[in-house]
2 protein chains.
Amino acid sequence: MSNKEEIEKLIKEQGDLVRKLKAAKESKEKVAEEVAKLLQLKAQLNGGEESQNANQKFTLKTPKGTRDYSPEQMAIRSSVLDKIISVFKRHGAVTIDTPIFELKEVLTGKYGEDSKLIYDLKDQGGEILSLRYDLTVPFARFLAMNKISNIKRYHIAKVYRRDNPSISRGRYREFYQCDFDIAGVYDEMIPDAECVRVVYEILSTLNLGSFVIKLNHRKLLDGMFEACGVPAESFRSICSAVDKLDKSPWEEVRKEMVDEKGLSGEVADKIGEYVRLNGKIELVEKLLQDEHLIKSKSAVEGLEAMKTVLKYCEIYGTSDMISFDLSLARGLDYYTGIIYEAVLLGESGKGDDVAVGSVAGGGRYDNLVGMFDPKNKQVPCVGVSIGVERIFAVLESKLSANKSKLRTTEVQVYVASAQKNLFEQRMLLCKELWDQGFKVEHSYKKNPKLLAQLQYCEEQLIPLVIILGESEIQKGVVKLRNVNNREEVEVARNELGIELHKRLENYKANEAL
Amino acid sequence: MSNKEEIEKLIKEQGDLVRKLKAAKESKEKVAEEVAKLLQLKAQLNGGEESQNANQKFTLKTPKGTRDYSPEQMAIRSSVLDKIISVFKRHGAVTIDTPIFELKEVLTGKYGEDSKLIYDLKDQGGEILSLRYDLTVPFARFLAMNKISNIKRYHIAKVYRRDNPSISRGRYREFYQCDFDIAGVYDEMIPDAECVRVVYEILSTLNLGSFVIKLNHRKLLDGMFEACGVPAESFRSICSAVDKLDKSPWEEVRKEMVDEKGLSGEVADKIGEYVRLNGKIELVEKLLQDEHLIKSKSAVEGLEAMKTVLKYCEIYGTSDMISFDLSLARGLDYYTGIIYEAVLLGESGKGDDVAVGSVAGGGRYDNLVGMFDPKNKQVPCVGVSIGVERIFAVLESKLSANKSKLRTTEVQVYVASAQKNLFEQRMLLCKELWDQGFKVEHSYKKNPKLLAQLQYCEEQLIPLVIILGESEIQKGVVKLRNVNNREEVEVARNELGIELHKRLENYKANEAL
């Protein structure tokens with residue numbers, strides 16, 4: 001007897017034992033113990049590698065803060081991304097991809113306080129690596145490494161942050177970013193205004209309801225801090241305090257400025273006066289008359305730049321959605337010029353579970369690429385990141401509120417059989433239809449019930465079904481059924497392709513998306 | 001003087017010093033030292049965070065075995081993936097996504113000897129994680145965790161292996177996998193034959209030249225080993241030796257079997273007789289007469305299954321490309337039934353740098369999902385993985401041999417200006433065309449030279465350019481230029497959209513792809 005036969009014999013015996021124990025209603029523990037032995041034997045038969053594992057004990061889950069995307073979620077995701085990509089392409093962007101991890105040194109010193117959220121890889125010998133934290137730093141590394149001084153690119157990919165996940169608020173440790181950036185030395189505010197236009201087109205095309213795009217300028221912020229008496233070395237830390245104004249009330253932010261960041265109450269209050277201002281071009285004009293602000297060269301430069309960009313936004317047809325907002329600060333250190341953020345307005349928000357906020361943001365960062373260049377050569381950049389995870393969440397919640405059933409496949413025709421032993425006929429017809437490019441499915445069972453096949457089509461929202469029967473095959477015809485209204489007609493086999501094309505011409509898989 | 005002004009003053013002084021040193025042709029070290037101080041001051045002005053980093057010393061590179069994808073590579077990649085996805089959709093597949101990392105335990109014991117190639121994440125407190133090694137194990141985990149017993153899905157995503165990279169042979173540590181799998185309890189070989197059909201459609205549609213799809217069956221391999229006298233516990237390790245036959249000559253494989261894996265020379269030689277056989281259905285019939293083989297139940301089951309699948313392949317129109325090949329073994333442990341592998345035939349291979357080999361492979365794995373289920377509930381699966389990285393490499397090499405210039409954007413119309421100070425007019429026209437959905441670019445400079453604008457269009461293969469001039473604006477017309485033949489006509493501004501649609505109707509960005 002070969003080794004294999006021996007193992008098979010043991011498996012048979014052990015199987016008999018398990019069945020006996022079960023029949024005798026032995027204790028669960030006892031049965032489980034013998035089942036475990038049985039599984040180990042089976043695993044041994046399969047080569048032994050997995051024997052330790054066959055009776056695994058760990059909880060089946062995805063890592064903390066991550067999730068699988070179901071077919072329904074993927075259908076929403078690809079509908080959203082297709083629309084976004086078509087806007088990027090309308091503006092002439094190329095796309096690139098970079099590795100999911102970078103040398104740790106590439107990320108070091110780019111994210112300020114948030115560096116602690118970077119995922120590191122284990123040192124398994126060789127280079128020290130970290131998962132990318134965003135797409136902007138890898139983009140800057142890409143430009144410096146390849147000595148590219150002009151590019152307009154989009155990049156849609158996952159990034160990683162060891163943050164405290166909040167699934168209900170849509171905050172994950174692994175999530176998609178979706179970035180559009182314009183790099184190169186150009187005339188002031190022309191690419192910047194186009195980035196704002198890109199945000200405008202995307203939010204309009206996605207039909208998410210009304211929105212506002214807030215604009216501000218880092219030079220104006222710095223000038224404002226200067227005018228209020230903030231010490232230069234505290235500009236960035238006060239800036240990140242201001243950034244919290246979209247989530248926290250002024251009193252809390254003031255407390256942080258005074259208690260944690262050492263500002264005097266008087267200075268904080270001066271800042272408080274400015275950051276409550278928002279408006280349009282007339283606010284720029286007003287601030288250009290502000291006796292404190294205009295003492296700061298930086299503030300005046302920022303205001304002049306705002307004037308220019310607001311004029312361009314007028315030309316680009318986006319100004320109705322724009323608010324010049326002095327409370328907008330953006331968290332990241334690397335911005336050097338204009339900054340912007342798009343916020344959905346929750347008009348349809350009553351009874352809506354998803355907390356909607358910022359869905360896009362970005363700005364100008366003229367010094368980041370230079371940090372990677374050995375000669376510190378700068379490549380000025382401006383860009384925007386679309387908050388696609390928030391957008392997915394908003395759409396998922398809308399669809400579930402509508403109780404819309406989403407199609408997750410694009411199958412156009414199902415080939416069914418009405419009698420037994422027609423599966424080779426079904427396969428042949430599928431082959432003919434695949435050859436003609438139709439999206440076609442049939443049952444993987446030899447003799448499925450007709451009712452089960454028709455039910456499947458209704459559940460899956462497949463629009464057409466072809467029903468094969470002996471008599472039809474002999475006559476050279478098929479029965480073609482409209483799943484929606486259940487009407488059936490006979491179609492000659494050699495005219496089937498034309499008939500299907502005709503019926504599918506105006507069919508769209510998901511009206512809801 | 002504010003802190004900021006102080007720093008600015010220091011920057012100015014330090015800048016003057018650097019310029020003096022350079023003018024005096026001081027030593028490089030001395031200059032570099034003072035430049036470093038200057039950069040630190042500048043960084044301080046920008047908030048101080050990055051000061052340590054401003055003068056970075058590390059080499060700019062992507063991690064070992066990884067690469068960036070350029071816009072040209074991305075254009076090839078998305079053209080290939082679009083075609084592959086359309087085949088998957090033609091067969092009714094949904095798509096899913098899973099996290100890039102899994103609990104380490106999920107991957108443990110699934111990859112045999114190759115487990116050492118798994119990338120681990122650093123233990124930063126919390127769960128112990130590893131980067132996914134393939135898409136199959138995460139798929140099995142997904143099925144077990146979500147208790148899914150029927151699904152047909154594709155998944156295109158990156159996987160990670162700490163292998164010795166060989167860039168010239170297209171072996172990377174980060175690479176795309178592109179998988180199609182059918183899970184569920186169905187009748188024998190029906191989904192299996194469809195997977196083979198999917199491979200056939202993909203390789204046909206990609207126009208890669210002629211190919212062969214090798215088929216074999218794990219039960220037949222096991223039966224063959226049994227018939228030759230291999231001990232049962234060595235089946236899998238002998239199987240992975242056989243798997244090397246596509247790269248190594250029989251003599252080397254025999255040596256591994258005898259010297260490393262302890263077979264007798266006689267047993268190895270018996271295996272050698274079988275593994276040189278390949279053919280079609282007649283070989284199955286011949287082997288069903290083989291007196292040694294038919295003593296093994298497993299061998300007979302495997303041969304009967306081969307007979308069935310070859311018949312279905314005949315119906316599905318794929319049998320011309322199929323070879324039943326006893327040397328096909330597939331490296332992975334988890335296969336339990338049919339296995340297959342598609343190989344490109346290098347007919348056009350003279351002078352071609354890319355070594356072409358296997359471009360798709362897969363098989364049936366009925367026990368993998370059960371390894372994740374607490375009750376060991378099995379979900380039988382069959383699937384195929386398309387070797388997209390090899391396919392990208394083949395196409396890149398073809399295109400560079402043809403010297404084809406690839407378009408990396410889809411811009412249809414460029415808006416140029418013939419005189420100075422027309423940039424707001426250009427912006428306005430771009431806005432009108434974007435509103436109508438055209439893909440439009442213009443220069444980000446206020447007053448670009450006309451020649452530079454036209455050259456850009458020729459380099460970028462943009463088909464149409466609109467040239468704005470004062471006199472045309474006054475007449476309410478634009479000049480429309482065909483970039484290819486340089487013909488220009490005047491078009492009334494209010495008929496521009498219709499004219500553009502007409503001219504772009506049959507335009508395709510990349511004929512080569």
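Predicted model: local features only at pLDDT ≥ 70, side-chain atom pairs only at ≥ 80, totals over all residues.
View 1. A cavity is a set of points on a 1 Å grid over the protein atoms alone where a 1.4 Å probe fits but cannot get out; the volume is the space filled by probe spheres set on the points, which are joined across faces, edges and corners. The count comes to two cavities of 30 Å³ or more.

**View 2. What lines the second largest cavity.** Look for A:Thr66, A:Arg67, A:Tyr69, A:Lys158, A:Glu174, A:Phe175, A:Tyr176 and A:Glu389, each with an atom within 4 Å of a point. Strand 5 of chain A (residues 174-183) gives the largest share of this lining, three residues; strands are DSSP runs (E, at least two residues), numbered from the N terminus. Residues are numbered from 1 along each chain as its sequence is written, and chains are lettered from A in the order in which they are written.

**View 3. Where chain B meets chain A.** Here 119 residues of chain B are in contact (heavy atoms within 4.5 Å) with 116 residues of chain A.

**View 4. A salt bridge between A:Glu424 and B:Lys311.** Their side chains meet at 3.2 Å, N to O. The rule asks for a side-chain nitrogen of Lys or Arg within 4 Å of a carboxyl oxygen of Asp or Glu. How many salt bridges are there between chain B and chain A? The count is 16.

Terms used
Heavy atoms only, no water. 1 Å grid on protein atoms, 1.4 Å probe; cavity = no way out; pocket = protein on both sides within 12 Å on 5 of 7 lines; lining within 4 Å. Helix = DSSP H or I, 4+ residues; strand = E, 2+ residues; numbered from the N terminus.
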